[in-house]
Amino acid sequence: MVGAVMSEQESLKSSSARNRGGVQRVEGKLRASVERGDYYEAHQMYRTLFFRYMSQSKHAEARELMYNGALLFFSYNQQNSAADLSMLVLETLEKSGANVDDETLEHLAKLFSLMDPNSPERVAFVSRAIKWSSGGSGKLGHPKLHQLLALTLWKEQNYSESRYHFLHSSDGEGCAQMLVEYSSARGFHGEVDMFVAQAVLQFLCLKNKTSALVVFTTYTQKHPSIEKGPPFVQPLLNFLWFLLLAVDSGKLTVFTVLCEQYQPSLKRDPMYNEYLDRIGQLFFGVPPKQSSSYGGLLGNLLNSLMGSGEEEEGEEAQEDSSPIELD
């Protein structure tokens, strides 16, 4: 009996080795074709092999071949072929029911980073990748994938989209460091407090107290234009500091007095009071207003950030929501 089991295991190992050897031989031929400049022919060969492997339920082999093929095409600046194979990588993940793991997320982020930032294929790729990474547990996608996407967009100096993905990651420190650079590169000196205020309030709207605190602490410590505190020179930063303390205590009276006392600072951005209405509901038991004091675009922005209606934690925003840009 033991011998039979061992024999079966050895047979499986041998089969796996043969499959791997077969993939390597095929990849060698395809690489040679690309190196000769026969891009179209190589691309069609990749697609043919993809459908053959998928029809045989060889999802892992198909995924490995398409991923390596995409990297090869990217290295020869064949963006269209590379993007097409990148989408086929996603198809293998979607159809095989593959588990979400760090290595796969890193592969997807690598493909994203190599795509032309202005290509429509990149938009389609990231939308599908985020949807797959959610694993059916929510609409927002995996925090690790969002973090990796945010880091790529930060390197590209696409700060507004980077902050959107940081918002849906658990990397408050990375978000803060990006915002310091964003504020220094694109913001006015008098707006240094507003860059972090929006992030803190939005993290709290997403029920992520930890990241709200980390982004505030890191940003205020590292920004060259902010003097050491608390207390701070900027009233808005003092408000955020008190708000984070109040959120921990859950005392409604403290929250109410804070919002009243700091109204002059809060009126600098009409969205602040919208965010605070939501924070009041989440952390202080404030009942929802019958109708929002702000409608139209501002209300839509708030809904795109948090998702409309009451949702479970981790499902706060629509998967296709647009980044909310800093003013």
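**Figure 1. Lys207 in the loop between helix 10 and helix 11.** Lys207 lies in the loop that links helix 10 (192-205) to helix 11 (209-222). Helices (H or I, at least four residues) and strands (E, at least two) are DSSP runs, numbered from the N terminus. The model is a predicted one, in which local features need pLDDT of at least 70 and side-chain atom pairs count only at pLDDT 80 or more, while totals for chains, interfaces and linings use all residues. Residues are numbered from 1 along each chain as its sequence is written, and side-chain values use heavy atoms, with hydrogens and water left out. Phi of Lys207 is near 65 degrees, a positive value in a residue that is not glycine. Most residues other than glycine have a negative phi, and most peptide bonds are trans. Lys207 is partly exposed because its relative accessible area is 27%; buried means under 20%, exposed over 50%, and partly exposed in between (1.4 Å probe, protein chains only).

**Figure 2. Other backbone exceptions, in two further loops.** Ser57 also has a positive phi, about 60 degrees, and is not a glycine. The loop that holds Ser57 runs between helix 2 (39-55) and helix 3 (59-75). In the loop between helix 11 and helix 12 sit Pro230 and Pro231. The peptide bond joining Gly229 and Pro230 is cis, with omega about -5 degrees. Pro230 and Pro231 are likewise joined by a cis peptide bond, with omega about -5 degrees.

Figure 3. Helix 11 covers residues 209-222, and its end C-alpha atoms are 20 Å apart. Buried residues of helix 11 are Ser211, Ala212, Val215, Phe216, Thr218, Tyr219 and Thr220. The buried residues of helix 11 pack against helix 9 (172-186), helix 10 (192-205) and helix 12 (235-249). On helix 9, Ser183 is buried, with a relative accessible area of 3%. Apart from neighbours within four places in sequence, Ser183 is in contact (heavy atoms within 4.5 Å) with Val192, Phe195, Tyr219 and His223.

**Figure 4. The largest nonpolar core.** A nonpolar core is a set of buried Ala, Val, Leu, Ile, Met, Phe, Trp, Tyr and Cys residues joined through side-chain atoms within 4.5 Å. The largest has 49 residues, of which Val200, Leu204, Tyr219, Phe239, Leu240, Leu276 and Ile279 touch the most other members. Two or more residues each are given to this core by helix 7 (143-155), helix 8 (159-167), helix 9, helix 10, helix 11, helix 12, helix 13 (252-261) and helix 15 (271-284). Helix 10 supplies the largest share, 11 residues. Leu276 touches Leu201, Phe239, Leu243, Phe255, Cys259 and Leu266, with residues up to four places away in sequence not counted. A second, separate core has 39 residues, including Ala42, Ala70, Met87 and Leu149.

Figure 5. Cys205 is buried, with a relative accessibility of 0%. Cys259 is buried as well, at 13%. A disulfide is a pair of cysteine sulfur atoms within 2.5 Å, and by this rule the count is 0.

**Figure 6. Thr92 in helix 4.** Thr92 belongs to helix 4 (residues 79-96) and is buried, at a relative accessible area of 0%. The Thr92 side chain reaches the backbone oxygen of Val89 at 2.6 Å. Beyond neighbours within four places in sequence, Thr92 is in contact with Phe50, Met54, His59, Ala62 and Arg63.

**Figure 7. Ala129 in helix 6.** Ala129 is part of helix 6 (residues 120-133) and is buried, at 3% relative accessibility. Leu90, Leu108 and Leu145 touch Ala129, not counting residues up to four places away in sequence. Between the C-alpha atoms of Ala129 and Glu91, which are 38 residues apart along the chain, the separation is 9.8 Å.

Figure 8. Where pLDDT is low, the predicted coordinates should not be read in detail. The chain averages a pLDDT of 87, and 81% of the residues score at least 70.

Key
The expected span of a helix is 1.5 Å times one less than its number of residues. pLDDT is the predictor's confidence in each residue, from 0 to 100. A polar contact is a pair of N or O atoms within 3.5 Å; within protein, one must be able to donate a hydrogen and the other to accept it, and residues adjacent in sequence count only if both atoms are side-chain atoms.
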